Amino acid sequence: MPSAALTELTNALKDVEELINSHVIVTGGGRGRPAMRQGAAISRAGIVLLAASFEAFVEDLFEEAADIVYQGWTADERRAFIKQTSKRLNNADVFKTNYLYFNLGIPWVFNGIRWQKFSNPTLIREVNDLVDTRNQVAHGGQPTIRLASVRYWKRMIENLAPRFEAKVSAEVNRVCGRPTGW
């Protein structure tokens, strides 16, 4: 059974897919230079939504794991902990995400996550590139974002999320000896 965080991410990615489909309707989806004209705003919106959805997943999964790791704490103690950790993430780049999960006794949570034709160094670079591109857009920049980039990063997140969840689950089990159930 997946975590609530992964379920929410899956639902959020449907909105990203809707933006991709909207881009295709507006531009015809063909090659060319639509990233500079029609569809540019849709591509930028897709990147912002994708990065925000991934950040929410990282935060939500952290909070689910914290409830297990710190099960002996009161609800108020856990709420205060969450307020000072995941609620302050602000961007899910690799460094900040690794730093966040250190608070659960999970060092370097991104290390070792990979899949066929997608090495760990590639993953780290691409997650950081996604977050950097999102930051450019969110802070008024107008980077050229092609539809293919939105699709690429969406597929990356779809591949990363269940692996990230599995790693966090295994590490929570290692840290506290309790399975997560996801």
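What follows is a short chat about charged side chains and backbone angles in a predicted model.

Me: What are the ground rules on confidence and numbering?
Reply: This is a predicted model: local features need pLDDT of at least 70, side-chain atom pairs count only at pLDDT 80 or more, and totals for chains, interfaces and linings use all residues. Residues are numbered from 1 along each chain as its sequence is written, and side-chain values use heavy atoms, with hydrogens and water left out.

Me: How many salt bridges turn up in the whole structure?
Reply: Seven. A salt bridge here is a side-chain nitrogen of Lys or Arg within 4 Å of a carboxyl oxygen of Asp or Glu.

Me: Which parts of the chain does the glutamate 17 and lysine 154 pair link?
Reply: The N to O distance for that pair is 3.0 Å. Glutamate 17 sits in helix α1 (residues 4-27) and lysine 154 in helix α6 (residues 147-176), 137 residues apart. Helices are DSSP runs (H or I, at least four residues), numbered from the N terminus.

Me: Is lysine 154 buried or exposed?
Reply: Buried, at 10% relative accessibility. Glutamate 17 is partly exposed at 30%. Buried means under 20% relative accessible area, exposed over 50%, partly exposed in between (1.4 Å probe, protein chains only).

Me: What else is in that network of salt bridges?
Reply: Glu158, linked with Glu17 and Lys154.

Me: Switching to glutamate 59. Where does it lie?
Reply: In helix α2 (residues 40-69). Glutamate 59 is buried yet has no salt bridge. The nearest side chain of opposite charge is lysine 87, 5.6 Å away. For charge, Lys and Arg count as positive and Asp and Glu as negative; His and the chain ends are not counted.

Me: What does lysine 87 pair with, then?
Reply: Glutamate 63, at 3.2 Å, N to O. Lysine 87 is exposed at 51%, whereas glutamate 63 is buried at 17%.

Me: Which residues does glutamate 59 touch?
Reply: Ser86, Leu89 and Asn90, leaving out residues up to four places away in sequence. Contact means heavy atoms within 4.5 Å.

Me: What is phi at asparagine 90?
Reply: Near 70°, a positive value in a residue other than glycine. Most residues other than glycine have a negative phi. Asparagine 90 is in the loop between α3 (75-84) and α4 (94-102).

Me: And where is tryptophan 108?
Reply: In the loop between α4 and α5 (120-138). Phi of tryptophan 108 is positive too, near 50°.

How values were computed: Helices (H or I, at least four residues) and strands (E, at least two) are DSSP runs, numbered from the N terminus.
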